[in-house]
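My notes follow in the order I went.

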Amino acid sequence: FYDGKDREQLVYRKSVVAVLLPAVVMVASMMFWLVVRYWKKLSMASCVRYMVTTSVVFLFMVYPDTIRAMLLLFSCKDLGTEGTYLTRDYDIKCWTDGHMPFALSVGIVGIVCWGFGLPFVA
């Protein structure tokens, strides 16, 4: 169905979506409550309270999947003489020119922002 390079790109795209999902959820909840505010004539204080509540609930719903996706970028298995391969997809060789820059940039940024940042801010 997918050849090796397409599968590798698919794994990386899923990881990027997992990193961006919490931010998209926050923005979507803010936009929703701003629309409701103008439609129902809510006060700004009520609107902010609803935004925060909705964001916190949804963020903690997607939190485990987001962290899992980031940690899977570093989960490699040694297959002996074949080398180390990503456990998420054994077609992707770990710490190569394709994997290492992606894991270090998207993986580390995602873990720092969402893994440590979200619980610290909450």
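**Entry 1: Met61 and its helix**

I started at Met61, which is found in helix α2; helices here are DSSP runs of H or I with at least four residues, strands are runs of E with at least two, and both are numbered from the N terminus. Before going on, I noted that this is a predicted model, where local features need pLDDT of at least 70, side-chain atom pairs count only at pLDDT 80 or more, and totals for chains, interfaces and linings use all residues. I also noted that residues are numbered from 1 along each chain as its sequence is written, and that side-chain values use heavy atoms, with hydrogens and water left out.

Met61 is exposed, with a relative accessible area of 54%. My cut-offs are buried under 20% relative accessible area, exposed over 50% and partly exposed in between, using a 1.4 Å probe and protein chains only. I looked up the C-alpha distance from Met61 to Pro22, 39 residues away along the chain, and got 9.4 Å.

How far does α2 reach from its first C-alpha to its last? The helix covers residues 44–72, has 29 residues and reaches 41 Å, close to the expected 42 Å; the expected span is 1.5 Å times one less than the number of residues. I found a kink of about 40 degrees at Tyr63, shortly before the proline Pro64. The bend is the angle between axes fitted to the seven residues ending at a position and the seven starting there. The buried residues of α2 include Met51, Leu59, Val62, Ile67 and Leu72. Cys47 is buried too, at 0% relative accessible area.

**Entry 2: Thr54**

Thr54 also has its place in helix α2. At 17% relative accessibility, Thr54 counts as buried. Which residues does Thr54 touch, not counting those up to four places away in sequence? I get Ser29 and Trp33, with contact meaning heavy atoms within 4.5 Å. The side chains of Thr54 and Trp33 make a polar contact at 2.8 Å (a pair of N or O atoms within 3.5 Å; within protein, one must be able to donate a hydrogen and the other to accept it, and residues adjacent in sequence count only if both atoms are side-chain atoms).

**Entry 3: the disulfide**

I searched the whole structure and found one disulfide, defined as a pair of cysteine sulfur atoms within 2.5 Å. Cys76 and Cys94 form it, with sulfur atoms 1.9 Å apart. Cys76 lies in strand β1 (residues 76–78) and Cys94 in the loop between β2 and α3, so the pair ties together parts that are 18 residues apart in sequence. The S-S torsion is about -95 degrees, so this disulfide is left-handed. Cys76 is partly exposed at 27%, while Cys94 is buried at 5%.

**Entry 4: Ile92**

Ile92 sits in the loop between β2 (84–86) and α3 (99–121). Is Ile92 buried or exposed? Buried, with a relative accessible area of 1%. Beyond neighbours within four places in sequence, Ile92 is in contact with Arg7, Glu8, Val11, Tyr12, Tyr85 and Leu86.

**Entry 5: positive phi**

Most residues other than glycine have a negative phi. I flagged Lys41, with phi near 60 degrees, in the loop between α1 (4–40) and α2. Lys41 is exposed at 69%. Trp95 has a positive phi of about 60 degrees as well; this tryptophan is in the loop between β2 and α3 and is partly exposed at 38%.
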